[in-house]
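Subject: The two-chain model, handed over

Hi there,

Have a look at it first, and then read on for what I found.

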Amino acid sequence: MTKFLEIDALTMRFGGLTAVDGLSFTVDHGTIHGLIGPNGAGKTTTFNAISGFYKPSSGAVRLRGEVISGLKMHEVARRGVVRTFQHSTLFAELTVLENALVGTHMPFRPNIFAAIVGYDRHDRTGAEARAREALEFFNLAHLADNRAGDLSHGHQRALGMAVAYAAHPDVILLDEPFTGMNPEETRVMMGLMRKLRDDGTTILIVEHDMQAIMGLCDRITCMSFGKWLAEGNPDHIRHHPSVIEAYLGGARHVA
Amino acid sequence: MPKVVPWFALLAALIFLPHVLSFSQQEILVYLAINVLIVTSYRLLTLTGEWSLAHVVIMGVGAYASALLTKMFSVPVPVSILLGGVIAALVALVLSVPLFRMKGFYFLIGSFAAGEIIRLLWKRFREPFGGPKGIKGIDPMPDFSIGIYDFDFFEPISYFYFAAIVVAVCLLILWRIEKSPVGLTFHAVHWQDKLAQAAGVNVRAYRTLAFTIASGFAGLGGALLAHYVGTINPNSFDVEVMVFVLTWAIVGGTATFYGPILGCVTLTILNEVVLREMGFEQARPLIYGLILILSILFMPKGLESLVQKLKPGRKSAVPVERAAE
């Protein structure tokens, strides 16, 4: 059986620095998979290599057996792997609805000739319905006509996810989705992610909020200094000596 | 419907305006119609965030192509004007291969270099481009009649009506492109190309698309010009003209569809009519430059920002020239 999303000996070098060093792990279909590690462990670099933002120095990323590493970002997206960004990367000048409409680019590919002669009503209404559905899902529908740049931080994060969700992805890569959210917003968002997973979307998530990660993920991969450190369910990771050591420092001083 | 009233007023104004103007002012009106198309097509390119310095040269490609097609292959003029646009678009498509490896400032300089290469090719090759003297005696539009009006293209009024109709149709197409999902994608590419890519947008393809369409309409504008003036040379499309286009776009503002049109019309009236009438013949470029500096200092968002202040309720106004059809 081919693995769903497989990261195989992924290595990322920047000049003399090896940010990710021979990292391998597998993400199963329909799970929420966490990627954790102390600052500078190479989590975001791994993300960038999976999503096509970087081309790996060596190793491969495979989706259903097909190599997707080295493809351009939009080509990776078209194979069903859509990412969000750290911070509030949005189309700040556009409205919330327009942001979500850009997200529908893949399911409703714009056609310029149809647009000129006005033969694309069907696609436009379909795209708008999908965009509104995505906003509805992330509780943003009432803000549809606001400028995205004017939203509160938590809403901006949610909109970032709505843009990704509007694209009907198979895998969503979430880069620190809970940053800037208050506990209540985090709780609501966790519920939405579980719902997404139950609908069959696979989620790979990088996050610093340990409580959220432990409560949310089915499986967690921990990395440190670019290397694979440990993998397992939240309980396993929570009590894993190497993980504790990586986060809290070497145990030998304590002993 | 009160909404259509302004359009009929504009249509009437455009029909009657040339009759109260002098011969030279009528000629300016023809240039103005063509320049509106140039600056509006230029805006389509700027939607994706890239500013090119090759736009006027591309317009020249359309002019040369149309002129040569009529001269060498006896293509009928209206057809050659359309083909001029198509050829300009194709040249832009080829140019986009190296140019869109660059972004921002580098694209700007790269486009300037590419434009100069084309212009120097015209200068260098007497066959078929006519060298520095360019092409003379380009076929005019053949006269025709539509029943209620006889187009006599010796008269600038006739050519103005013809150009205004062509430009109006082009503006309508450009407007529809901008308001379509394709236009939204252009905006997306401009504001966050990384996020657009993550949504599956082929950013480079969209930049190329905007460049090609904008160039096609610029080429059409150039062809319209060539068959009106009857003579073109490499210097008709040099960087000085490009600076004028940039000025119109900047003074008018590029956030709205009508901004560049407003800039083009206002500055042309100012330059050609007011300053000329006031007898500032020699000092015109000086005053023109001064106005440019002042408008950038005190009106950084362009003339369009004044219009938006005047009517707070309506955000997106419809293009001014559209009613000319």
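Two strands pair if DSSP finds at least two bridges between them. With that in mind, strand 7 (residues 171–175) and strand 8 (residues 202–206) of chain A run parallel and are joined by five bridges. Within strand 8 of chain A, Ile205(A) is the residue that Leu174(A) faces. Please remember throughout that this is a predicted model.

**The sheet in chain A**

That pair belongs to an open sheet of six strands in chain A, with the order 6-7-8-3-9-10 and mixed pairing. Strand 6 and strand 10 (227–232) of chain A are the edge strands, each pairing on one side only. From one strand to the next, the twist averages 20 degrees.

Further along the order, strand 3 and strand 9 of chain A run parallel, with four bridges between them. Here Gly34(A) sits opposite Ile220(A) of strand 9 of chain A. Strand 9 and strand 10 of chain A, in contrast, run antiparallel and share five bridges. Met223(A) has Trp228(A), in strand 10 of chain A, as its bridge partner. These two strands make a hairpin with two residues between them, where Phe225(A) has a positive phi near 50 degrees.

What lies across this sheet? Helix 1 (residues 43–51) of chain A lies across strand 3 (32–36), strand 6, strand 7, strand 8 and strand 9 (219–224) of chain A. Its direction is at about 150 degrees to strand 7 of chain A.

Strand 1 (residues 5–14) and strand 2 (residues 17–27) of chain A run antiparallel and are joined by seven bridges. Leu10(A) is opposite Leu23(A) of strand 2 of chain A. Two residues separate the strands, and Gly15(A) in the turn has a positive phi of about 60 degrees.

**Helix 5 of chain A**

Which residues of helix 5 of chain A are buried? They are Ala127(A), Arg130(A), Ala131(A), Ala134(A) and Leu135(A). Because these residues cover an arc of only 140 degrees around the axis, they are on the same side of helix 5 of chain A. On the face turned away from that buried side are the exposed residues Arg121(A), His122(A), Thr125(A) and Ala129(A).

The cover over the buried residues comes from both chains: it includes helix 3 (96–103) and helix 6 (153–166) of chain A, and helix 8 (181–191) of chain B. After helix 5 of chain A comes Asn139(A), with a positive phi near 55 degrees.

**Where the chains meet**

The contact between the chains takes 28 residues from chain A and 22 residues from chain B. On the chain A side, helix 2 (73–78), strand 6 (81–83), helix 3, helix 4 (112–117) and helix 5 each supply at least two residues. By class, that side of chain A has 18 nonpolar, five polar and five charged residues.

**Backbone details to look at**

A few local points may interest you:

- Glu127(B) and Pro128(B) are joined by a cis peptide bond, with omega about 0 degrees. Pro128(B) is in helix 6 (residues 126–129) of chain B.
- Arg64(A) is not a glycine, yet its phi is positive, near 50 degrees. This residue is in the loop between strand 4 (58–63) and strand 5 (66–67) of chain A. With 14 other C-beta atoms within 10 Å, Arg64(A) is partly exposed.
- Ser74(B), also a residue other than glycine, has a positive phi near 50 degrees. The loop that holds Ser74(B) runs between helix 3 (55–73) and helix 4 (77–99) of chain B. Ser74(B) counts as exposed, because 9 C-beta neighbours are inside 10 Å.
- Ile296(B) is part of helix 13 (residues 284–298) of chain B and counts as partly exposed, with 13 C-beta neighbours inside 10 Å. From Ile296(B) to Glu127(B) there are 169 residues in sequence and 44 Å in space, C-alpha to C-alpha.

Enjoy exploring it!

Best wishes

Definitions and conventions
Residues numbered from 1 in each chain as written. Chains lettered and ligands numbered in written order. Predicted model: local features only at pLDDT ≥ 70, side-chain atom pairs only at ≥ 80, totals over all residues. Buried ≥ 20, exposed ≤ 12 C-beta atoms within 10 Å, placed from the backbone. Arc of directions from axis to C-beta. Contact = placed C-beta atoms within 7 Å. Nonpolar A, V, L, I, M, F, W, Y, C, P; charged D, E, K, R; others polar. Axes fitted to C-alpha atoms, helices over the stretch in contact; angles between N-to-C directions.
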